[in-house]
Amino acid sequence: MISIPTLTAPTSLTPYLLLIGLVAAERLAELITARRHTAWSLARGAREYGRGHYPAMVALHTALLVGCVVEPWAAGRPFVPLLGWSALAVAVVAQGLRWWCIATLGKRWNTRVLVIPGLPLVAAGPYRLLRHPNYVAVVAEGVALPLVHTAWMTALGFTVLNLLLLRVRIDCEDAALTDGGRLRAPASVPSAGAAS
């Protein structure tokens, strides 16, 4: 008798797939929020910077979620409790930091780099402590989310590519804020006029 392989995930993978589904829904909520904020910003004369790298950023973040699903299933990655629960805790804290950034920036938060002339830098919330707190959340989540189910290749690949992309993104944000005349001391002033 010929055995036909099934395309269903092992039962142990089901809670992880649910987690990835929740993160994907959260990303959709971010995009909806960003779209509303983009309209608000453009109506106030915002200028967009860094359009060229934005599609690569969207593709990389989509690939992270796809890798989180495909690698554990295709490579049979196990759930290792100590690693998995620790990584889940980091991912949850990263989500908290991300939404703290969004709440602090309000309508100025965006997935794009938009600068509204004349608005001062935000120096409240996590921006009191870090220059780019949202990117701290992105880096932490990019490592932690795949490791919840031992998807180490996805964690490594995303992290390397994300660090290269973040270099471009942060340079773009700093240049945008300098162009707007608001970034006088790049090493000491939190940048928050754009999504960070």
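**Helix packing and ring pairs in a predicted model**

Reader: At what angle do helix H1 and helix H3 pack, and how far apart are their axes?

Author: In this predicted model, helix H1 covers residues 14-43 and helix H3 covers residues 81-105. Their packing angle is about 10°, and their axes are 13 Å apart.

Reader: Are H1 and H3 roughly parallel or roughly antiparallel to each other?

Author: Angles under 35 degrees count as roughly parallel. The angle between H1 and H3 is about 10°. The two helices are therefore roughly parallel.

Reader: Which residues of H1 and H3 make the contact, and how do they divide into nonpolar, polar and charged?

Author: H1 contributes Leu19, Val23, Glu26, Arg27, Glu30 and Thr33. From H3 come Leu88, Gln95, Arg98, Trp99 and Ile102. By class, the residues of this contact are five nonpolar, two polar and four charged.

Reader: Is glutamate 30 buried or exposed?

Author: Glutamate 30 belongs to helix H1 and touches Arg98, Trp99, Ile102 and Trp109, leaving aside residues up to four places away in sequence. Its relative accessible area is 8%. Buried means under 20%, so glutamate 30 is buried.

Reader: Is the pair of phenylalanine 79 and tryptophan 85 stacked or edge-to-face?

Author: The structure holds one aromatic pair. The ring centres of phenylalanine 79 and tryptophan 85 are 5.6 Å apart. Planes over 60 degrees apart count as edge-to-face; here the planes stand at 85°, so the pair is edge-to-face.

Reader: Which residue lies over the face of tyrosine 54?

Author: The residue is found 4.0 Å from the ring centre of tyrosine 54. Over the face of this ring lies arginine 112.

Key: Residues numbered from 1 in each chain as written. Predicted model: local features only at pLDDT ≥ 70, side-chain atom pairs only at ≥ 80, totals over all residues. Heavy atoms only, no water. Axes fitted to C-alpha atoms, helices over the stretch in contact; angles between N-to-C directions. Helix = DSSP H or I, 4+ residues; strand = E, 2+ residues; numbered from the N terminus. Parallel < 35°, antiparallel > 145°, perpendicular 65-115°, else oblique. Contact = heavy atoms within 4.5 Å. Nonpolar A, V, L, I, M, F, W, Y, C, P; charged D, E, K, R; others polar. Phe/Tyr/Trp six-rings, centres within 6.5 Å; stacked < 30°, edge-to-face > 60°. Lys NZ or Arg CZ within 6 Å of the ring centre and 35° of its normal. Buried < 20%, exposed > 50% of the residue type's maximum accessible area, 1.4 Å probe, protein only.
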